[in-house]
Protein chains: 2
Amino acid sequence: MSSARKLYKYDGKFRMYRAGHLTSPTLAYETWGELNTARDNAVLIFSGLSPSAHAASSEKDPSPGWWEDMIGSGRPIDSDNYFIISVNSLGSCFGSTGPASLNPDTDERYRLSFPMLTLEDIAESAHLVVRHLGIECLHTVVGCSMGGMSGLAYCVRHAGKAKRFISVSSATRALPFSIAVRSLQREMIRSDPLWKKGNYDPGSPPVSGQRLARKLGMITYRSADEWKQRFGRERATDPVRVDDQFAAEFAVESYLENHANKFSGAFDANCYLYLSHASDLFDLADHGGSLAAGFKKLKLDRALVIGVETDILFPIEQQRELAKGIASVCADTQLIELDCIRGHDSFLVEMDAFRPVVCDFFESCGA
Amino acid sequence: MSSARKLYKYDGKFRMYRAGHLTSPTLAYETWGELNTARDNAVLIFSGLSPSAHAASSEKDPSPGWWEDMIGSGRPIDSDNYFIISVNSLGSCFGSTGPASLNPDTDERYRLSFPMLTLEDIAESAHLVVRHLGIECLHTVVGCSMGGMSGLAYCVRHAGKAKRFISVSSATRALPFSIAVRSLQREMIRSDPLWKKGNYDPGSPPVSGQRLARKLGMITYRSADEWKQRFGRERATDPVRVDDQFAAEFAVESYLENHANKFSGAFDANCYLYLSHASDLFDLADHGGSLAAGFKKLKLDRALVIGVETDILFPIEQQRELAKGIASVCADTQLIELDCIRGHDSFLVEMDAFRPVVCDFFESCGA
């Protein structure tokens, strides 16, 4: 399949936020639409933990992207009006430099020698692409889930260089429940003997630990209410055969099994560990010493915070806290609470609820 | 330490609810107080998944039990008035026959040759002890968590032989969220290479998988709100040293680590798998073809359903469903919704909230 992916290799030392540096990292990105002559119609999208830069289809790559319904001609983030940029997060494994990449200084994979990754690094590396594309000021920064925190880091560190901000099912920082879940997911991978302290054979990754982590992910990405309605106590019609009596018996078990099988092997284990850890580390309060000080660093004309009532990973209280904080420095801040049933994943699957909200935002910008 | 544990060996074939049988199983139990001459003051306690029969201290065993604050002289379930019986669940590993026990037919451990376990089997085996003690009719059956479902099984199958029923943070059956969590916990253990399809060396059990399962347990036993208040983004003061950069950094991570260390090795892995699976299988609707039919089988004079608003494993809606169903056949049914913050575990740790509710119940029985 042809790819719409572009690569930008930064020439020089990229200093990491906590410590260390990367030598000439590569950033993979895709774009949709055209930059106008005023160069003021660029929209930067920050993804959640796992997607590539392929947020939507295009002529060059007609395969559907992770936010297909949201981006493109005639869609809420309309490529007829906007120049849309999606960057594969630094630390990921879909073209951007990460733990699975070769370290040019050693000609070996970074693995755990990759420096500690933060969402500030993801924001700064995306900024390299923005500069490379000749953009001085972004029309809007949009971030989903982990990407909402990366977007917040961007807006705080480049105050005034992003005029608008949309946060989708994100937060100012992770709470202990989410930290506990992600910490346990990382431990599942690290407990798999095939992980080998990060030195696994790329042909034989710690799939067992990755499957467990993926299943725990699914449990926290969706909602108990959705599953109650969808599965109840329905039995599996295609029970997954295993060699003992603890086979998947209920529909919800085979659903998890099928999802884990789909995902398994698609994501590098070390990259996952780094990105998951970065999600725990981010705290807006690190930018100034308190949340209030962090918010004060923002210079936005307009903001939109969207959250979902059944989200247990980025709960609705965190959406309210985020909206209230931004509103304290940006009068034109809107909070939209959606009563979607599909929990954290709603922004990927309940498009009928999310589309009009994002559509209204951009339409009322009058581009 | 001296033990208050008594053993009752049933002489004969114990037929299991689904299929198969056990030859002359042993049941471990403890009692407090004395059976009165009318033999009508016996209270049977069903525990959650992991405890032994040691629910409270006594002269013979002064170590605190798992429901220490609730049982004993002058306590809500008062041993001065009642004869209290706690049986280690069949399938467990604290004296009662389970997968870790020797099969007298083969002189080898049962392991996965143990027949499929159900909560109906736990109820029936407890009934063997009740009969052995010469009790025709129980004053009250009390069940916590999984034990609430075992207690429901008891009351349905011995209608009229238990006059009162107290369900604590339990349900009529598990919902898909809880099934998914428990299924994943079982998979964590089964994925540990040391599990060896159930044939692990007792001296070298699958502790890594058990630790992961225990941590996921903790995440679902407590509540996000509790952890937010308790830990926030506090850093670990005693960071657990591991050999890579993913050491426990946050207080919530070292809390989970310390809890998992405490529990690890205390519970046989195969027993855990059987009891966990039995929790998924139970469904009151199996007794009659529907929930309504199941409730109709109850013959109770009085019932009390206690639940906690922050419980995600046995959510408050399930408490309401259970109370409503019992009320349809037992006019004197009370539902108490507690706003404790500690989730499912509240019945073990928020004793100031639970004590008065149970106390009122027994005091108004006027024993």
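In the predicted model described here, the centres of domain 1 of chain A and domain 2 of chain A, taken over C-alpha atoms, are separated by 26 Å. Domain 1 covers 6-175 + 283-363 of chain A and domain 2 covers 178-273, with bounds that come from an automatic or database domain assignment. The contact between them takes 19 residues from domain 1 of chain A and 14 residues from domain 2 of chain A, where two residues are in contact if their C-beta atoms, placed from the backbone, lie within 7 Å. On the side of domain 1 of chain A that touches domain 2 of chain A, 9 residues are nonpolar, 7 polar and 3 charged. In this division Ala, Val, Leu, Ile, Met, Phe, Trp, Tyr, Cys and Pro count as nonpolar, Asp, Glu, Lys and Arg as charged, and the others, Gly among them, as polar.

Because this is a predicted model, local features need pLDDT of at least 70 and side-chain atom pairs count only at pLDDT 80 or more, while totals for chains, interfaces and linings use all residues. Residues are numbered from 1 along each chain as its sequence is written, and chains are lettered from A and ligands numbered from 1 in the order in which they are written.

Chain A contains an open sheet of 8 strands in the order S1-S4-S8-S5-S11-S12-S13-S14, with mixed pairing. Strands (E, at least two residues) and helices (H or I, at least four residues) are DSSP runs, numbered from the N terminus, and two strands pair if DSSP finds at least two bridges between them. Strand S1 (6-9) and strand S14 (333-338) of chain A stand at the edges with a single partner strand each, so one side of each is left without a neighbour in the sheet. From one strand to the next the twist averages 20°.

Strand S11(A) runs parallel to S5(A), to which 4 bridges join it; in this pairing Thr140(A) is the bridge partner of Val43(A). S11(A) also pairs with S12(A) in the parallel sense, over 6 bridges, with Ser167(A) as the partner of Gly143(A). All 7 of the 7 residues of S11(A) are buried, so the strand is largely enclosed by the rest of the structure; a residue is buried if 20 or more other C-beta atoms lie within 10 Å of its own, exposed if 12 or fewer, and partly exposed in between, with C-beta atoms placed from the backbone. Strands S12 (residues 162-168) and S13 (residues 302-308) of chain A pair in the parallel sense over 5 bridges, and Ser167(A) has Val305(A) as its bridge partner in S13(A). Helix H9 (residues 316-327) of chain A packs on the sheet, where it touches S12, S13 and S14, and its direction makes about 170° with that of S14(A). Such angles run from 0 to 180 degrees between N-to-C directions, and axes are lines fitted to C-alpha atoms, for helices over the stretch in contact.

Asp332(A) lies in the loop between H9 and S14 of chain A and is exposed, with 12 other C-beta atoms within 10 Å. Not counting residues up to four places away in sequence, Asp332(A) touches Asp301(A) and Arg302(A).

A rotation of 180° with 0.0 Å of shift along its axis superposes chain B on chain A (RMSD 0.0 Å). That is the relation of a two-fold axis. The contact takes 44 residues from each of chain B and chain A, and H3(B) gives the most to the chain B side, with 12 residues. Superposition is by least squares on the C-alpha atoms of residues with pLDDT of at least 70 in both copies.
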